[in-house]
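I opened my notebook and wanted to look this model up piece by piece. Here is what goes on the page.

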Amino acid sequence: MKVLLGVTGSIAAYKSVIVARLLTKAGHEVKTIITRGGENFISSLSISNLTVNDVFTDDDFWMPGQKIPLHIELARWPDVVVVAPATMHFLGKLAHGFADDLLTSTIAAIDRPVVLAPAMHTEMWNSRVLQDNVIRLKIFGYEFVGPYEGELSSGDRGIGRMAEPEDIIERVIQIGKTERKLRGKRIVITYGGTEEELDDVRVITNKSSGKMGVSLSRRAKELGAHVIAVVGRVEVQPLYYDEIYHARSVDELSMTLKEIVPDADVLIMAAAVSDFKPAGRLEGKVKRGERLVVEFEPTEDILRSLSKDKKPGQIFVGFALESRNLLENAEKKMHEKGVDIIVANYATAMGSDFIRGYILSREEKIPLKTLTKSELAIILFDKIAEKIEK
Ligand SMILES: Cc1cc2nc3c(=O)[nH]c(=O)nc-3n(C[C@H](O)[C@H](O)[C@H](O)COP(=O)(O)O)c2cc1C
């Protein structure tokens with residue numbers, strides 16, 4: 001695996017030498033970027049000797065005469081990026097899109113998984129501004145390892161200690177495994193809400209925003225998959241796809257999926273599909289009046305229909321949003337609809353950046369504390385990769 005290691009200006013930078021060494025010993029190719037801050041703590045010389053590979057600093061960033069800017073060249077190189085240690089200053093820049101040095105400019109142009117291993121004193125870690133930035137980064141899809149509680153450089157004990165190099169490497173290697181399973185796979189991701197027309201101007205829809213779909217798409221792209229987005233009514237900009245289809249009503253969604261799912265390896269139904277539609281569409285714009293009674297009829301259960309023609313090896317993932325008996329209903333749905341994995345969640349997830357619930361498969365039931373949708377996407381694709389392996 002090709003690993004780009006970022007080292008920033010923390011006292012824990014000496015441990016980045018161990019990260020670089022262990023990755024190299026395990027047979028991975030490691031290139032390193034050290035920030036100006038990082039250079040105060042370790043030398044390029046030690047890392048370049050241990051990794052037997054390139055180490056870049058800001059002197060290289062500002063060097064004239066390069067055909068492609070160095071940060072673009074470096075951004076195209078790795079399978080995964082790991083920044084260990086990651087300072088408060090670096091996380092703040094990343095969270096707000098600053099790209100004023102080689103490391104932040106490279107990460108700005110990266111479309112691969114990025115793992116961050118923060119290291120700082122407890123008071124810095126616990127500050128509101130830092131915690132706010134960590135949440136922003138988790139919403140955007142950056143993955144965190146640590147920090148841990150333990151002894152700090154000052155001799156104090158508390159949270160802020162960089163994760164152990166072995167744990168950072170374990171996570172990097174796991175991402176590599178997931179990536180190998182998903183690279184080149186055709187993944188159909190539906191998201192947003194459906195719309196059913198009531199008359200010429202009114203629709204029945206729901207509160208789905210599309211945020212879950214964008215997070216899933218980003219992760220799938222980071223892992224090298226071919227992403228086919230099928231998008232309903234959304235409040236966010238669809239991003240991170242190779243192909244995109246727009247489907248507003250349940251019938252349009254069904255037609256689109258019946259055409260493209262046979263060629264897909266994975267289907268993730270994150271769209272909030274209406275269970276009902278008006279039994280008869282009304283003509284024109286219905287005039288204001290006393291009372292309007294509309295009859296609804298059930299829509300097609302798309303996932304169940306698609307499951308009938310599910311091919312061996314295909315993985316189907318459904319979402320179940322329930323306000324009562326979440327687990328029970330989600331489990332029933334998984335069996336009835338013939339899907340491999342169900343993400344069971346609550347109505348509070350709609351429109352939010354956060355989600356809580358369970359990931360269910362036939363083998364396991366993983367409870368999820370409140371996570372960002374991007375964090376859920378990370379766990380979900382690890383699970384999908386495990387299923388592909390089987
Ligand atoms: C001795 C010393 C130790 C430091 N340790 C940390 C640290 O562990 N974590 C942190 O976030 N900042 C730490 N800092 C502050 C950063 O080095 C400083 O914010 C710097 O601008 C970071 O630059 P960079 O993020 O571009 O590498 C330390 C500074 C000094 C002088």
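**Ground rules.** I'm working with a predicted model, where local features need pLDDT of at least 70, side-chain atom pairs count only at pLDDT 80 or more, and totals for chains, interfaces and linings use all residues. Residues are numbered from 1 along each chain as its sequence is written.

**Whole chain.** I looked up the inventory and found 15 helices and 20 strands (DSSP runs numbered from the N terminus: H or I of at least four residues for helices, E of at least two for strands). The C-alpha trace spans about 75 × 45 × 45 Å along its principal axes.

**Two domains.** The assignment gives me domain 1 (2-180) and domain 2 (183-389); such bounds come from an automatic or database domain assignment. Their centres, taken over C-alpha atoms, are 35 Å apart. I then checked where they touch: 13 residues of domain 1 are in contact with 16 residues of domain 2 (C-beta atoms, placed from the backbone, within 7 Å). On the domain 1 side, helix H9 (128-140) and helix H10 (165-182) are the elements that give two or more residues. H10 has the largest share, with 5 residues. By class, that side holds 3 nonpolar, 3 polar and 7 charged residues (Ala, Val, Leu, Ile, Met, Phe, Trp, Tyr, Cys and Pro count as nonpolar, Asp, Glu, Lys and Arg as charged, the others, Gly among them, as polar).

**A sheet.** I traced an open, parallel sheet of 6 strands in the order E3-E2-E1-E4-E5-E6 (two strands pair if DSSP finds at least two bridges between them). Its edges are E3 (55-56) and E6 (143-144), each pairing on one side only. E4 (80-86) and E5 (114-118) pair over 4 bridges, and Val82 stands opposite Val115 in E5.

**The ligand.** Which residues come nearest to the ligand? Thr8, Gly9, Ser10, Gly37 and Thr87 do, out of 16 around it (near means a C-beta atom, placed from the backbone, within 6 Å). Helix H2 (36-39) and helix H6 (88-95) each supply at least two residues of this shell. I noted its classes as 7 nonpolar, 8 polar and 1 charged.

How values were computed:
Contact = placed C-beta atoms within 7 Å.
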